[in-house]
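Hello,

Here is the structure I promised to pass on to you. Please open it first, and then read my notes below with the model in view.

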Amino acid sequence: MQPTLEDQERHLLVKVIDRILYKLDELVRPYVHKILVVIEPLLIDEDYYARVEGREIIANLAKAAGLAQMIAAMRPDIDNIDEYVRNTTARAFSVVASALGIPALLPFLKAVCMSKKSWQASIKIVQQIAILMGCAVLPHLKSMVDIIRHGLQDENQKVKTITALSLAALAEAASPYGIESFDDVLEPLWRGIRSLRGKVLASFLKCIGHIIPLMDAEHAFYYTREVMIVLKREFNTPDEEMKKIVLKVVKQCVDTEGVEAQYIKDEILPEYFKAFWNRRMALDRRNYRALVETTVSLADKVGCSAIVGRVVEDLKDESEPYRRMVMETIEKVVTNLGSSDIDARLEETLFDGILYAFQEQVGEDAHVMLNGFGTVVNSLGKRAANYLPQVCGTIKWRLNNKSAKIRQQAADLIARIAPVMKACEQEQLLGHLGVVLYEYLGEEYPEVLGSILGALKSIVNVIGMTKMTPPIKELLPRLTPVLKNRHEKVQENCIDLVGRIADRGASFVPAREWMRICFELLDMLKAHKKAIRRATVNTFGYIAKAIGPQVQERQNRVCTTVAIAIVAETCAPFTVLPALMNEYRTPELNVQNGVLKALSFMFEYIGEMGK
């Protein structure tokens, strides 16, 4: 098991050890320690599958050698000077516990706890058991808490930290049950958060954050108020780790029943926004995530406008990552709570900010702005009517931009807001956008062309076939050459659009044009992407319905077979059978074979209809 081994070689070696264990069974006992030394490092490997393999082998080893032998082999390693060895051994013990059951290991843990020299190890083992086994710790929760609780009063800071983290892992695994098991540790935790600082305080806070959600509403509110004093003091900490923990604890407290909205508005929000909503938080990915999630939780309690009103001005901030964070928060809050409590003044500021953020954006991560814009417009519905002409002006201007990314984004935005424009009775604007997009069908970048087709599709969807500008009979012939484009996004959107027209407006286009499109589509039935194949099948069906069955002899057999089956399904089998039987009369083996295959596939495809 040298570090130089390739992943594949290591995998094979591990499999061999596994088979040997299976064959040897209890004969493996003399070699337990040697096997563990080799396998334990796998438990902390960065590759998930390596960790799973390591667990599997240790579990099988435990079942083969038995608990006594495992403990005898691993006991010395608990006291090893090297922390790396102690950590891997604790992980191995947790695997043994999951293989042989927690009750089997509890007496050993209690005994280790009594020993002056190595009782810290038992704390680590309990933590690993909680992480590995989840809610399976519930029946033994009380005894596990009792085993490790005296670690909270230890004079060694490191021991305090690991004890608090182990209790946090137990509370997280037991959630939402088991608060009675933690009664004895509440007092030391409370004393701890008042007197401690730094890393130890962070671990104590993390532990309390996991215990509060287990409480009933009344107690939870009382403890939240108490812990909030410490949390508010730590809002301004320069330590990144501490920030993450504080945010997580605030989120856990706020999510708990019994914490009142008024209390949050008065006590938490002012300082929370002052301390956390700044540009630095937007630059670190993990902080960014935690801040957005916590703010969304606060909004769930205090309502949409209380939060949006505080951050809306920041949509015009100079820093783009910060604007993106504000946009993502607003999008999530509006998705969860709707926009009914946003008043006219806030609505105006919000739209102004969104438009600014959308126009000023230059970074790669475009979908946050798009989603945010789409969500807010869709949520406001008819209230957005006054702002739509301005939005469309921006879109038209950006469709002409020299950067492909910006053009693509503008087209994507049309697709998002078309339904709202219909609801606001802005059909004239929609028709105008349709003509503009039609003129851009010569776009050279496939990504942008795909988005333009998507936007056209959404306009056709909401405006209907008869009112569509440009008229369908002009639009469709322009789409036929686009079908030859080999880019997946273009293919999928183009086929979808053609299918929509075939479904609802086939009569605007002559049958010959549809036949030409059918031949273009035949090749698509063997596209790599399933979505394209599915779109093609549906479109074929619509066209067949529109023009009736006209089966033609083709070289491309498999696809024709599929096409015939689709036509049979949409136009009833009897329309296709005469043509097929007619082909069968051709005295050539290939043709006859093809017809038989087509028949068998057709009946398989149409299923019940064949009866």
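A130 sits in helix α7; helices here are DSSP runs of H or I with at least four residues, strands are runs of E with at least two, and both are numbered from the N terminus. The residue A130 is buried, at a relative accessible area of 3%. By buried I mean under 20% relative accessible area, by exposed over 50%, and by partly exposed anything in between, with a 1.4 Å probe and protein chains only. Leaving aside residues up to four places away in sequence, A130 touches V137, A169, L170 and A173, where a contact means heavy atoms within 4.5 Å. From A130 to I102 there are 28 residues in sequence and 10 Å in space, C-alpha to C-alpha.

Before going further, please note that this is a predicted model: local features need pLDDT of at least 70 and side-chain atom pairs count only at pLDDT 80 or more, while totals for chains, interfaces and linings use all residues. Residues are numbered from 1 along each chain as its sequence is written, and side-chain values use heavy atoms, with hydrogens and water left out.

I102 leads on to helix α6, where it is one of the buried residues, together with L105, L106, F108, L109, V112 and C113. These buried residues pack against α4 (67–78), α5 (83–100), α7 (119–133) and α8 (141–148). How far apart are the end C-alpha atoms of α6? They are 19 Å apart, which agrees with the 18 Å that 13 residues (102–114) should span at 1.5 Å a residue; the expected span is 1.5 Å times one less than the number of residues.

Another buried residue to look at is E320, with a relative accessible area of 12%. E320 belongs to helix α18 (residues 320–337). Not counting residues up to four places away in sequence, E320 touches E360, Q361, V362 and G363.

Now for the backbone in some loops. Most residues other than glycine have a negative phi, and most peptide bonds are trans. D25, however, has a positive phi near 55°. It lies in the loop between α1 (7–24) and α2 (32–39), and D25 is partly exposed at 38% relative accessible area. E425 has a positive phi too, about 60°, in the loop between α22 (404–423) and α23 (427–439). Is E425 buried or exposed? E425 is exposed, with a relative accessible area of 68%.

There are cis peptide bonds as well. One runs from S175 to P176, with omega near 0°, and P176 is in the loop between α9 (157–174) and α10 (183–195). Another joins T469 and P470, with omega about 0°; P470 is in the loop between α24 (446–463) and α25 (472–482).

Finally, the chain as a whole. The protein chain has 31 helices and zero strands. Of its 611 residues, 53% count as buried. Its C-alpha trace spans about 90 × 70 × 45 Å along the principal axes. The radius of gyration is 33 Å, whereas a compact globule of 611 residues would have one near 25 Å; the radius is taken over C-alpha atoms, and the globule rule is 2.2 Å times the number of residues to the power 0.38. Among contacts between residues at least 6 apart in sequence, 73% join residues at least 24 apart.

Enjoy exploring!

Best wishes
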